[in-house]
Amino acid sequence: MDTHKTNDDPPIIRIHSNLEMESLEDKAVLDFQDDNKDSIGSKKQSFDGSEKGSLSALDLSTSFDVPRNSVLDSIKIVVFSAKINLLMPFGPLAILVDAISGNHGWVFLLCLLGIIPMAERLGFVTEQLAFFTGPTVGGLLNATFGNATELIISIYALRNGMIRVVQQSLLGSILSNMLLVLGCAFFSGGLVVAEREQVFNKGTATMNSGLLLMAVMGLLFPAVLHSTRTELHFGKSELALSRFSSCVMLVAYAAFLYFQLKSQKNLYIPVNDEQESQTWNADDEEAPEISKWEAIIWLFLLTIWISVLSEYLVDAIQGASSEWKIPVAFISVILLPIVGNAAEHAGAIMFAMKDKLDISLGVAIGSSTQISMFGIPFLVVVGWIIGRPMDLNFQLFETATLFITVLVVAFMLQEGTSNYFKGLMLILCYLIVAASFFVHMDPTSIEDPPKPSD
């Protein structure tokens, strides 16, 4: 094969095999510098099964043009590009209704509708930021900011002493992600890819299932200790155990992050990554619509606005429950998480329909893992700092519901395959859970008094 290059010849990287690419790396770089017009095309055609070779050192951000938007263009992309943003005016309207009439039912409903597009836009901006951070860190950011809505609502409720609302909303978020979001992803993906079963990384799913079972253990022991009245010091032992277990769970989650991002990150490669890389097409590659700093600024602004609406939402929960004749447990476990999980719900379904089930699984199960191993223990520590007796005693009914849900989902994931029938079963399981909480009477008050011995 002729290794000389003239001005009329194509770049060397186009005519040599993958095995020869390492030895010709320096010459390929020189060719890229000499042929400015052809460099981008050459680089795009080099993304094949040898992506882990010498060209993997190329900066990922050079595979697309970083957008340079004006302020108006950025607002147009983030605020006016999605139809769901038609719900945005309901947020300011909720504040107006609260100031004029103080009708808690309407304020709660309008806040719910106003937070939905904010949660979806938060997911969109996080995905834009993921273009600049890589897939693994991007997935972690997606799960983190996808749960930001629930955490913000929970912090406001905790500050107001509504510990049961905090516990039930976090529990509902886990149940919603594991049953409803994952079920809809399996169902929609199974219908689109009907000719075969979809596959995902079974090892990753097993790891997350193990962490979820560890979270169930952390919640189960305080509940059983309280129910059996076997505490050494009634009230104090349960709270002390919860705080100790929370610290252990936070350490476990930190170790999991290190394991996922640094130590064994090769285990988190999707099972169909090789096939996708071999059939890569530059025309199909998605590119960011906003720049990195635009994404960071929008994350900050959206989080502030969600915080404002969350405060009105929490203040209206008890009044809405009385006016609508709906149990607070149903509002906390079912309604609030569906709103908070709007971004995850849409994203998981979209990726499943594109046959990228590993991403859908990372969004649904990864989000549940983060709430159970980070969100709940984190709020226990926050309650410890601000003097609120937040503990891991979620009561036996709620803890049993979580335990059975984790077992059902773990059995669904053990084969590493999915189809629409598995998704349908998960959705129907969620309907049973929702109906159970609709008829469930929480034995504790919404305003939890301090424990007698605390």
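Student: Why is K422 called buried?
Tutor: The model is a predicted one, and in it K422 has a relative accessible area of 10%. Buried means under 20%, so the value of 10% makes K422 buried.

Student: What makes K422 and E415 a salt bridge?
Tutor: The closest N and O atoms of K422 and E415 are 3.4 Å apart. The cut-off is within 4 Å, so the pair counts as a salt bridge. In general, side chains of opposite charge can pair when their charged atoms come close.

Student: Is E415 buried or exposed, and how do you know?
Tutor: E415 has a relative accessibility of 52%. Exposed means over 50%, so E415 counts as exposed.

Student: How many salt bridges does this rule give?
Tutor: The count is four. Among them is the pair of E398 and R164, whose N to O distance is 2.8 Å. That is within 4 Å, so this pair also qualifies.

Student: Why is the pair of E398 and R164 said to tie together parts of the chain?
Tutor: E398 belongs to helix α18 (residues 395–413) and R164 to helix α9 (residues 163–192), so the pair connects parts that are 234 residues apart in sequence.

Student: Are E398 and R164 buried or exposed?
Tutor: E398 has a relative accessible area of 1%, and R164 has 4%. Buried means under 20%, so E398 is buried and R164 is buried.

Student: What makes E311 and R159 a salt bridge?
Tutor: Their side chains meet at 3.3 Å, N to O, and the limit is 4 Å, so the pair is a salt bridge. E311 is in helix α13 and R159 in helix α8 (residues 148–159), 152 residues apart, and the pair links these distant parts of the chain.

Student: Why are E311 and R159 called partly exposed?
Tutor: The relative accessible area is 32% for E311 and 44% for R159.

Student: Where is H440, and what does it touch?
Tutor: H440 lies in the segment after α19. Leaving out residues up to four places away in sequence, H440 touches P327, A329, F397 and E398. With a relative accessible area of 13%, under the 20% limit, H440 is therefore buried.

Student: How do you know that I365 is buried?
Tutor: I365 has a relative accessible area of 2%, and buried means under 20%, so I365 is buried. I365 lies in helix α17. Not counting residues up to four places away in sequence, I365 touches M178, L182, N208, L212, V409 and L413. Its C-alpha atom is separated by 9.6 Å from that of L179, which is 186 residues apart along the chain.

Student: How do you know that the buried residues of α5 are on the same side?
Tutor: The buried residues of helix α5 (residues 90–100) are G91, A94 and V97. They cover an arc of only 120° around the axis, so they are on the same side of α5. What covers them includes α6 (104–133) and α13 (292–315). The face turned away from this buried side carries the exposed residues A99 and I100.

Student: Which residues make the nonpolar surface patch?
Tutor: L191, Y420, F421, L424, L428 and L431 make it, with an area of about 570 Å². Helix α19 (residues 420–438) gives the largest share, five residues.

Student: What makes L428 partly exposed?
Tutor: L428 has a relative accessible area of 41%. That value lies between 20% and 50%, so L428 is partly exposed.

How values were computed. Residues are numbered from 1 along each chain as its sequence is written. This is a predicted model: local features need pLDDT of at least 70, side-chain atom pairs count only at pLDDT 80 or more; totals for chains, interfaces and linings use all residues. Side-chain values use heavy atoms; hydrogens and water are left out. Helices (H or I, at least four residues) and strands (E, at least two) are DSSP runs, numbered from the N terminus. Buried means under 20% relative accessible area, exposed over 50%, partly exposed in between (1.4 Å probe, protein chains only). Contact means heavy atoms within 4.5 Å. Patches are made of residues with over 30% relative accessible area and no salt bridge: like charges are joined within 9 Å, nonpolar side chains (Val, Leu, Ile, Met, Phe, Trp, Tyr) within 5 Å. Accessible areas come from the Shrake-Rupley method with a 1.4 Å probe; for residues, only the protein chains shown count as cover. The arc is that of the directions from the helix axis to the C-beta atoms.
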